[in-house]
Amino acid sequence: MSVLVYTESENGKFKKNAQEVASYAYEVAQQLGTHATAISINATNAESLGNNGISKVLNITDDNLKTFNAKAFAIAIAQAAEKEGAKVIILSSSADTKFLAPILTAKLQASYVPNVVSAPTSTAPFTVKRTVFSNKGFAETQLSADIKIIGVSNNAFGSHENKTESSVESFEANIPENSFSTKSVEIDKVVGKATIADADIVVSGGRGLKGPENWGMIEELADVLGAATACSKPVSDLGWRPHGEHVGQTGKPVASNLYIAIGISGAIQHLAGVSASKVKVVINSDPEAPFFKAADYGIVGDAFEVVPQLIEKLKEFKAQTA
Amino acid sequence: MKLLVCISNVPDTTSKINFTDDDTKFDTNGVQYVINPNDEFGLTRAMWFKEKQGATIHVITVGGATTEPTIRKALAIGADEAIRVNAEPTDGFFVAQQIAAVAKAGDYDLIIAGRESIDYNGGMVPGILATLLDFNFVNNCISLEIDGNTATAIREIDGGKEKLNTSLPLVIGSQKGLVAESDLKIPNMRGIMMARQKKLNVVEPVSATDTTKDVKFEKPAAKGQVKLIDADNIDELINLLHNEAKVI
Ligand SMILES: Cc1cc2nc3c(=O)[nH]c(=O)nc-3n(C[C@H](O)[C@H](O)[C@H](O)COP(=O)(O)OP(=O)(O)OC[C@H]3O[C@@H](n4cnc5c(N)ncnc54)[C@H](O)[C@@H]3O)c2cc1C
Ligand SMILES: Nc1ncnc2c1ncn2[C@@H]1O[C@H](COP(=O)(O)O)[C@@H](O)[C@H]1O
């Protein structure tokens, strides 16, 4: 028996979340007195996972799997789990992984718990803590099926170094042709820019910015910080910003280290979606804005005066610390 | 084309969340229930298929009798028939098995479920359902066109979107973006009157296993007081973010 973790890669390199889920898998393996194995697909730096406690990597090299395909990837992971006799499978919370997770769950008749925020609180019965009610609460959830699948929330467990002797084995998955009946035909993705899903810092603008023409300063602030840009729901409804930037209960969740909210009032649906961010800064002209109650740091002021100053000061700060 | 739209009955997004019975149960006191927002987008797209392509829409919910006002609302919006599986929805695998049993008998071409329910947040019902039925599956769906047996869908990915070609029968996980916000329908008087005449079939659950169980709930710890920084003192903010919070 071992713990299996699916470590995602992109263009051959592990994604940032791979280290986090590998670290989580190591922790679970320690609790169970076993070792952690990773399954990776077309990764070229598979051996690097030894830094995060992985003792064996099963790496699949297959041109048919160059582009993500939820069903085919789920089958590959299921076969790796079977080979390893894995009873616990660790997954990330990326959009791709959340797509394949339920398929894997059904194939393995497993217990699946997503949005898990910490190491298991018990292994008998197997119990984890996860967010529920769109981050407005937590639940302790027991997993009772023979195989247990845990989806780790972004940026909740963190990545930890645990240097481990590690081997890489090539693994061949047997994926039936008809698994590709849903085919990717076009991917439209920003490159070289942080995304809301994996950015350490997210800069977000609300209706207080008055119009799309004022987003220049939001983007500039994001650039200085290496941050992703986001927005409140009405901003995307009004077409000021693309839908993919809408964060909150009905948009994307944010779990960054730093979330900067500019001209956002802090409605309950917005707060639910961003509450997993560790540090929140609010810039709002209204001292009564509800967001101040949920923030760590706040500036009461006009965004059009505060943000340009913040950009200048941050540039100076970056120049000094560089 | 025969459509099945899955409707999850959830607390209104403005609800404050509390727990009772020694934090083992969700406190439903004073909570208003609504159609899960992700399902509302799906239902709205289903209405488009009904109006433009002559589709028939059935809606399904797994829940007790108290969920009927929510499923009636879906009928008032324009679904043709409703099914309620008379069981407490204990977890996503259980719900998916119930819906799969109904879907097998119903011969549906397209099943629309939400990407995620806003209470359980499992994000698993549509994918498990698709796998149990051996249907194609597209999650986080923000566009869906159907022409005969072929379907073209766009799904949201981290940092962008992806276009997919697939075919019926199909399950999608719907979300915001699938329809314009302004197209969301509020039931009108006529719809509400008509809904009363429509069929709401109550079926008993098939035997299925729970694979997870919530044993205890907890509210997030209260946030400490915000530190206010003067708008003329941006240096202090940078200092705090660097030295105290250590995030820049
Ligand atoms: C079913 C449902 C789901 C929802 N889901 C979401 C969701 O997922 N995400 C989400 O964000 N919302 C969601 N909402 C909407 C939510 O209720 C709020 O309407 C929304 O978050 C408000 O957006 P806002 O803060 O940008 O705008 P507003 O509430 O209009 O706030 C604008 C803020 O800007 C401030 N301001 C104005 N001028 C300036 C200035 N010059 N400088 C600085 N500050 C200024 C104002 O003081 C105000 O606080 C949902 C609503 C419903 C009904
Ligand atoms: N009790 C239920 N009855 C009908 N559909 C449901 C139920 N629970 C979840 N669903 C559907 O599955 C989607 C995802 O739910 P979940 O897996 O709980 O996040 C929801 O948006 C609904 O479309």
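This is a predicted model: local features need pLDDT of at least 70, side-chain atom pairs count only at pLDDT 80 or more; totals for chains, interfaces and linings use all residues.
**The site of ligand 1**

The shell around ligand 1 holds 27 residues. A:S232, A:T250, A:S265, A:Q269 and A:H270 come nearest. Residues from both chain A and chain B surround ligand 1, so the two chains share the site.

Which helices of chain A each supply at least two residues of the shell? They are α5 (233-237), α6 (268-274) and α7 (303-321). By class, the shell divides into six nonpolar, 16 polar and five charged residues.

Some contacts can be named atom by atom.

| Residue | Part of the residue | Atom of ligand 1 | Distance |
|---|---|---|---|
| A:G208 | backbone N or O atom | nitrogen | 3.4 Å |
| A:H246 | side-chain N or O atom | oxygen | 3.0 Å |
| A:A303 | backbone N or O atom | nitrogen | 2.8 Å |

How much of ligand 1 does the protein bury? Taken alone, ligand 1 exposes 990 Å². The protein buries 77% of that area.

**Enclosed space**

A search of the whole structure turns up three cavities of 30 Å³ or more. The largest cavity holds about 70 Å³ of space.

Which residues line the largest cavity? Chain A gives A:H243, A:H246, A:T250, A:G251 and A:K252. Chain B gives B:R115, B:E156, B:Q175 and B:K176. The lining has no nonpolar residues, five polar ones and four charged ones.

Two of these names have come up before. A:H246 lines the largest cavity, and its side chain has an N or O atom 3.0 Å from an oxygen atom of ligand 1. A:T250 also lines the largest cavity, and A:T250 is among the residues that come nearest to ligand 1.

**The second largest pocket**

Now turn to open space. The second largest pocket contains about 1,200 Å³. Its lining counts 46 residues. Nearest its centre lie B:E88, B:P89, B:T90, B:D119 and B:Y120.

The largest share, four residues, comes from β14(B).

What classes of residue make up the lining of this pocket? There are 18 nonpolar, 17 polar and eleven charged residues.

Note on methods:
Residues are numbered from 1 along each chain as its sequence is written. Chains are lettered from A and ligands numbered from 1 in the order in which they are written. Side-chain values use heavy atoms; hydrogens and water are left out. On a 1 Å grid over the protein atoms alone, a cavity is a set of points where a 1.4 Å probe fits but cannot get out, and a pocket is an open set with protein on both sides within 12 Å along at least five of seven lines; lining residues have an atom within 4 Å of a point. Grid points are joined across faces, edges and corners, and a volume is the space filled by probe spheres set on the points. Ala, Val, Leu, Ile, Met, Phe, Trp, Tyr, Cys and Pro count as nonpolar, Asp, Glu, Lys and Arg as charged, and the others, Gly among them, as polar. A residue is near a molecule or strand if one of its heavy atoms lies within 4 Å of it. A polar contact is a pair of N or O atoms within 3.5 Å; within protein, one must be able to donate a hydrogen and the other to accept it, and residues adjacent in sequence count only if both atoms are side-chain atoms. Accessible areas come from the Shrake-Rupley method with a 1.4 Å probe; for residues, only the protein chains shown count as cover.
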